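Work through the exercises below with the sequence and the model in view. Each task is followed by its solution.

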Amino acid sequence: MSSGTEANDDHAPAPVIRVLTLFPEMVRAVLATSIPGRAERQGQVRYEVTDIRDFAVDKHRTVDDTAYGGGAGMIMMAPPVVEAVEKVRERSDATVILTTPQGERFSEQLTLDLLADLQAKGELILVCGRYKGIDERARELVAMREVSIGDYVLSGGELPALVVVDAIVRRLPGVLHDEDSAANDSFTADRDGGLDCAWYTKPPVYRGLGVPEVLMSGHHANIEKWRRQQAVERTRERRPDLATAEEPEVKGGKGRKGRDRT
Ligand code: ADE
């Protein structure tokens, strides 16, 4: 268990996540909230949010323009992005991520890779893409890794960048307390990469729906077995693409389908 500023008990500076965006207020608001906000207040991470528009090179603060060769949509210009990255980064080898629908798919594995990268270098940079795209030369010049959060297009890369930051920060040692532990979350090794099980809390009966008996039995081994089996079933039903685990032998409880109504 961890608490408070434990991550910095050895006086190592907190790792810094820099987010470059055209909507800094949106990004700051989210990073100040919930677990990402608590992690910063506890000194386990630091966020630096930079307005890319501050790096526009003309007096109108232009950051986008039409595409060479024609076509609908505006393209983010290379100079403000490249100059912003070069100004804020402290390490020349810091990983620079661009959020874009054309990137590699974000996942549990990529979360852990980026977490390790952040811990090793102490710095991670995210550039929120906008408009139709970003001038290809910006990518080449600041060696970006491109990340997509799924096969759909959002209005911009801010929400995807915040998804990436949240997923990483909650895995920093000491950020999650027991009550919000990530140990057996969906997609973790604990769940063999599959989905989490069903969970219940008070009241014991709600609108005629009870709780599986095994959970009220106090028999920890049976409860654990039931949960594992539930997780495997759920993964098979909902995400057969993830289902790799053998179904464990079940004792002492019924799954949701067999659950009694009271
Ligand atoms: N920008 C717009 N849509 C996106 C997505 N799905 N993932 C990452 N960045 C995006």
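**Exercise 1.** Which strands does helix α4 lie across, and at about what angle does the helix run to β6?

*Solution.* The model is predicted: local features need pLDDT of at least 70, side-chain atom pairs count only at pLDDT 80 or more, and totals for chains, interfaces and linings use all residues. Residues are numbered from 1 along each chain as its sequence is written. Helices (H or I, at least four residues) and strands (E, at least two) are DSSP runs, numbered from the N terminus. Helix α4 (residues 108–121) lies across β1 (16–21), β5 and β6 (123–128), and runs at about 125 degrees to β6. Axes are lines fitted to C-alpha atoms, for helices over the stretch in contact (C-beta atoms, placed from the backbone, within 7 Å), and angles run from 0 to 180 degrees between N-to-C directions.

**Exercise 2.** Give the strand order and find the edges of the sheet.

*Solution.* Strands pair if DSSP finds at least two bridges between them. The open sheet has 5 strands, ordered β2-β1-β6-β5-β8, with parallel pairing. β2 (46–51) and β8 (144–148) each have a single partner strand, so one side of each lacks a neighbour in the sheet. The twist averages 30 degrees from one strand to the next.

**Exercise 3.** Trace the pairings of β1.

*Solution.* Towards β2 there are 6 bridges, with Val16 partnered by Arg46. Towards β6 there are 5 bridges, and Ile17 has Leu124 as its bridge partner.

**Exercise 4.** Locate the pairing of β5 with β8.

*Solution.* The two strands are joined by 6 bridges; Leu98 stands opposite Glu146 in β8.

How values were computed:
Contact = placed C-beta atoms within 7 Å.
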